[in-house]
Amino acid sequence: MHKGKNKLNSIISKYFNYNSKSLIKLNKLQAEEISLLYKKIDNKEYEFENRDCICGSNLSKLIASRDKFGLKINTVICTDCGLIRINPRFNEESYSKFYRDQYRKLYTGNEDEEHINTIFQSQYKTGKEYFNYIEKTKINKNSILDIGCSCGGVLKYFQDMGSNV
């Protein structure tokens with residue numbers, strides 16, 4: 001059993017080690033956005049900061065050094081609470097620029113406004129399904145936090161139903 005565990009660890013480590021190769025098939029727009037992203041990092045248009053975990057600990061272990069696009073991003077796990085996060089990460093200004101200028105093109109591979117509206121409408125429909133499920137379970141839906149909410153369609157449905165989002 002010990003050998004199997006070591007084998008699994010080495011596969012995971014090798015798989016998530018940085019090598020600039022994408023784990024998914026990229027279209028032309030996504031490849032261009034990755035190239036632009038690195039240029040902005042090199043030009044200090046996007047800057048990074050090291051942050052302690054939200055539990056206050058600065059102790060963590062590296063679990064991956066690339067993301068699905070092949071970007072050099074360190075994903076760490078807090079050794080005190082187990083929260084997984086990116087560190088170092090963009091500072092607030094850089095995140096704002098990235099999400100405004102590049103996020104949608106990189107993550108969807110499409111910059112068409114109608115495409116974004118289609119995503120939003122699909123999420124809105126999903127929000128209705130979630131809301132109806134939560135309504136049946138009697139879970140409090142007065143305040144909703146959605147981390148990584150994409151276009152915000154799910155949140156918009158909850159907001160339309162009176163939730164604080």
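Helix 5 and helix 6 cross in a right-handed sense. Please keep in mind that this is a predicted model. In general, two packed helices are described by the angle between their axes and the distance between the axes. Here helix 5 covers residues 113-137 and helix 6 covers residues 153-160, and their axes come within 6 Å and cross at roughly 50°. That angle makes helix 5 oblique to helix 6.

Let me take the two pairings in turn. Strand 2 and strand 3 are antiparallel and pair over 4 bridges. If you want to find one on the screen, look for A64, whose bridge partner in strand 3 is T75. Strand 3 and strand 4 are also paired in the antiparallel sense, over 3 bridges. There you can look for V76, whose bridge partner in strand 4 is R85. Strand 3 and strand 4 make a hairpin with 5 residues between the strands, and in this hairpin G82 takes a positive phi near 90°.

Next, the cysteines. A disulfide is a covalent bond between the sulfur atoms of two cysteines. How many disulfides does the model have? The count comes to 0. Take C55: the closest cysteine sulfur belongs to C78 and lies 3.7 Å away, which is too far for a bond. The cut-off for a disulfide is 2.5 Å between the sulfur atoms. Seen from C78, the closest cysteine sulfur is the one in C55, at 3.7 Å, so again too far for a bond. Are these two cysteines buried or exposed? C55 is partly exposed, because its relative accessible area is 42%. C78 has a relative accessible area of 3%, so C78 is buried.

Last topic, the aromatic rings. The structure holds 15 aromatic pairs. I will go through one of them, F69 with Y107. A pair of aromatic rings is described by the distance of the centres and the angle of the planes. For F69 and Y107 the centres are 4.8 Å apart and the planes stand at 80°, so this pair is edge-to-face. Which parts of the chain does the pair link? F69 sits in the loop between strand 2 (60-64) and strand 3 (75-78), while Y107 is in helix 4, residues 103-108. The two residues are 38 residues apart, and the pair links distant parts of the chain.

The accessibility values for these two rings are as follows. F69 has 2% relative accessibility, so F69 counts as buried. Y107 is at 35%, so Y107 counts as partly exposed.

F69 and Y107 also belong to a cluster linked by ring pairs.

Key
Residues are numbered from 1 along each chain as its sequence is written. This is a predicted model: local features need pLDDT of at least 70, side-chain atom pairs count only at pLDDT 80 or more; totals for chains, interfaces and linings use all residues. Side-chain values use heavy atoms; hydrogens and water are left out. Rings of Phe, Tyr and Trp (its six-membered ring) pair if their centres lie within 6.5 Å; planes under 30 degrees apart count as stacked, over 60 as edge-to-face and the rest as tilted. Buried means under 20% relative accessible area, exposed over 50%, partly exposed in between (1.4 Å probe, protein chains only). Two strands pair if DSSP finds at least two bridges between them. Axes are lines fitted to C-alpha atoms, for helices over the stretch in contact, and angles run from 0 to 180 degrees between N-to-C directions. Angles under 35 degrees count as roughly parallel, over 145 as roughly antiparallel, 65 to 115 as roughly perpendicular and the rest as oblique. A crossing is left-handed if the near helix is turned anticlockwise from the far one by less than a right angle, and right-handed if clockwise.
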